[in-house]
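Here is a friendly briefing to read alongside the model. Please keep the viewer open as you go through the points.

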Amino acid sequence: MATKVSMKLGFINGENKSNSKTINYINAAATDDQLRTVARALEGMQKHTLSSVSKTVTTDVALQ
């Protein structure tokens, strides 16, 4: 069974509009604290303010 993990970073710009960036191929063993640390580090290189971080885990389910 394959597991895919991604992290989505939400940003707010100065006009209260939002945009997001998704990072794929995250290690499935990454903790929430590790993801938060990476998100904060990436925020420092972004033009806009970080507003949210989400982790998505997708697992294939066998039909049999």
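Of the 64 residues of the protein, 19% count as buried, where buried means under 20% relative accessible area, exposed means over 50% and partly exposed lies in between, with a 1.4 Å probe and protein chains only. This is a predicted model, in which local features need pLDDT of at least 70 and side-chain atom pairs count only at pLDDT 80 or more, while totals for chains, interfaces and linings use all residues. Residues are numbered from 1 along each chain as its sequence is written, and side-chain values use heavy atoms, with hydrogens and water left out.

**Overall dimensions and surface**

- The protein has a radius of gyration of 14 Å, whereas a compact globule of 64 residues would have one near 11 Å; the radius is taken over C-alpha atoms, and the globule rule is 2.2 Å times the number of residues to the power 0.38.
- Along its principal axes, the C-alpha trace spans about 50 × 20 × 15 Å.
- The accessible surface comes to about 5,000 Å², and carbon and sulfur atoms hold 50% of that; these areas come from the Shrake-Rupley method with a 1.4 Å probe, and for residues only the protein chains shown count as cover.
- Among contacts in the protein with a separation of 6 or more, 56% join residues 24 or more positions apart, a contact being heavy atoms within 4.5 Å.

**Sheet and helix**

- The protein has one helix and three strands, and from the N terminus on the elements run β-β-α-β; helices (H or I, at least four residues) and strands (E, at least two) are DSSP runs, numbered from the N terminus.
- The three strands form an open sheet in the order S2-S1-S3 with antiparallel pairing, where two strands pair if DSSP finds at least two bridges between them.
- At the edges are strand S2 (18-23) and strand S3 (49-59), each of which pairs on one side only.
- From one strand to the next, the twist averages 20°; axes are lines fitted to C-alpha atoms, for helices over the stretch in contact, and angles run from 0 to 180 degrees between N-to-C directions.
- Strand S1 (residues 3-12) pairs with S3 in the antiparallel sense over 10 bridges, and Leu-9 has Val-53 as its bridge partner in S3.
- Helix H1 (residues 32-43) packs on the sheet and touches S1, S2 and S3, with its direction at about 135° to that of S3.
- S1 and S2 pair in the antiparallel sense over six bridges, with Met-7 opposite Ile-23 in S2.

**The loop between S2 and H1**

- Tyr-25 is found in the loop between S2 and H1, and its phi is near 65°, a positive value in a residue other than glycine.
- For background, most residues other than glycine have a negative phi.
- With 81% relative accessibility, Tyr-25 counts as exposed.
- Asn-27 lies in this loop between S2 and H1 too and is exposed, at 52% relative accessible area.
- The C-alpha atoms of Asn-27 and Thr-3 are 9.7 Å apart, although 24 residues separate the two along the chain.

**Salt bridges**

- Side chains of opposite charge can pair when their charged atoms come close.
- The structure holds two salt bridges, each defined as a side-chain nitrogen of Lys or Arg within 4 Å of a carboxyl oxygen of Asp or Glu.
- Arg-36 forms a salt bridge with Asp-33, and their closest N and O atoms are 2.5 Å apart.
- Arg-36 and Asp-33 are three residues apart in helix H1, so about one helical turn separates them.
- Arg-36 is partly exposed at 44% relative accessibility, while Asp-33 is exposed at 53% relative accessible area.
- Glu-43 forms a salt bridge with Arg-40, the closest N and O atoms lying 3.1 Å apart.
- Glu-43 and Arg-40 are separated by about one helical turn because they are three residues apart in helix H1.
- Arg-40 is exposed, with a relative accessible area of 51%, whereas Glu-43 is buried at 19%.
- Not counting residues up to four places away in sequence, Glu-43 touches His-48, Thr-49 and Leu-50.
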